[in-house]
Amino acid sequence: MANILVIEDEINVSSFIKRGLEEEGHTVEVAYDGAMGFSLASSIDFDIIILDIILPQMNGIELCREIRSKIGFDVSVIMLSALGSTDDIVKGLETGADDYLVKPFKFKELLARINVMLRHKDSGNYTKKYEIADLSLDMETKTVTRSGKVILLTSKELRLLEYFLANKGKVLSRTSILENVWDYNVDMSTNVVEVYINYLRKKVDKGFDVKLIHTLIGIGYVLKEG
Ligand code: CA
């Protein structure tokens, strides 16, 4: 059972989501514009926020950025997009959304994504520490450092790095990364893995002599020293 905030101005959509989630035993609050959404999100500790992109007052992209900078990364964000273009999806993920759904979607699809997120939160026996070369990741504090310098990652980048560290030295295919970091059957033609590996490289490898993330063209990626 989770505490969920739905931020969506289309009343038929928000009430349909609220009713469905309540039937599953979740507690659901609804906000009908960006400002109300932000004020609810700042005052109540939600597990998941379902956030529409097109909203009055503050759109979902801006709102997600605000949530990440002012509230943090403990709350998972699922973005709803009527647009469905890769650009909008990438923009949503860049601002720190953990997942997205393109409208119209089936309720059971939304529910599946929510269940995956809740499983991840529950399985969080986050005492794990990983290291490779001068890079370290402490899952308890979610702190990443390289050469002692703290690196700030979004929640998805953190999951991607954790997956690499848990499999260091092993070649990971794009499909296995998609399945393990994104969990569900995403459209295999998506370039989300490439996009995220680029983000991670900029933060983790750029400016360091020893590169850790390596591409094996046509095969996949590997995290290793040199
Ligand atoms: Ca809307």
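Because the model is predicted, local features need pLDDT of at least 70 and side-chain atom pairs count only at pLDDT 80 or more, while totals for chains, interfaces and linings use all residues. Residues are numbered from 1 along each chain as its sequence is written, and side-chain values use heavy atoms, with hydrogens and water left out.

Strands here are DSSP runs of E with at least two residues, helices are runs of H or I with at least four residues, and both are numbered from the N terminus. Two strands count as paired if DSSP finds at least two bridges between them. Strand β4 (residues 76-81) is joined to β5 by 4 bridges in the parallel sense, and I78 stands opposite D99 in β5.

Next comes the calcium ion. Its protein donors are E8 (OE), D9 (OD), D52 (OD) and I54 (O), at 2.1 to 2.8 Å from the ion. Donors are N, O and S atoms within 2.8 Å of the metal (3.2 Å for Na, K and Ca); water is not among the atoms, so sites may look incomplete. Along the chain the donors follow the spacing E-D-x42-D-x1-I. E8 lies in the loop between β1 (3-7) and α1 (11-23), and I54 in the loop between β3 (48-52) and α3 (60-71), 46 residues apart. E8 counts as buried because its relative accessibility is 0%, whereas I54, at 52%, counts as exposed. Buried means under 20% relative accessible area, exposed over 50%, and partly exposed in between (1.4 Å probe, protein chains only).

I53 also lies in the loop between β3 and α3. At 9% relative accessibility, I53 is buried. From I53 to G218 the C-alpha atoms are 34 Å apart in space, and the two residues are 165 apart in sequence.

On the surface, I11, Y32 and M36 form a nonpolar patch, with about 280 Å² of accessible area together. M36 belongs to helix α2 (residues 34-43) and is partly exposed, with a relative accessible area of 33%.

Further along are two hairpins that share strand β7. Strand β6 (residues 129-132) runs antiparallel to β7 (residues 135-138), with 4 bridges between them; E131 has S136 as its bridge partner. This hairpin has 2 residues between its strands, and A133 takes a positive phi near 45°. β7 is also joined by 4 bridges to strand β8 (residues 143-146), again antiparallel, with D138 opposite T143. Here 4 residues separate the strands, and K142 in the turn has a positive phi of about 55°.

Another open sheet has 3 strands in the order β10-β12-β11, with antiparallel pairing. β10 (171-172) and β11 (213-216) each have a single partner strand, so one side of each is left without a neighbour in the sheet. β11 pairs with strand β12 (residues 220-223) over 4 bridges, and the bridge partner of I213 is L223.

Methods: Patch = residues over 30% accessible without salt bridge, like charges linked within 9 Å, V, L, I, M, F, W, Y side chains within 5 Å. Areas by Shrake-Rupley, 256 points an atom, 1.4 Å probe, with all protein chains shown as cover. Salt bridge = Lys/Arg side-chain N within 4 Å of Asp/Glu carboxyl O.
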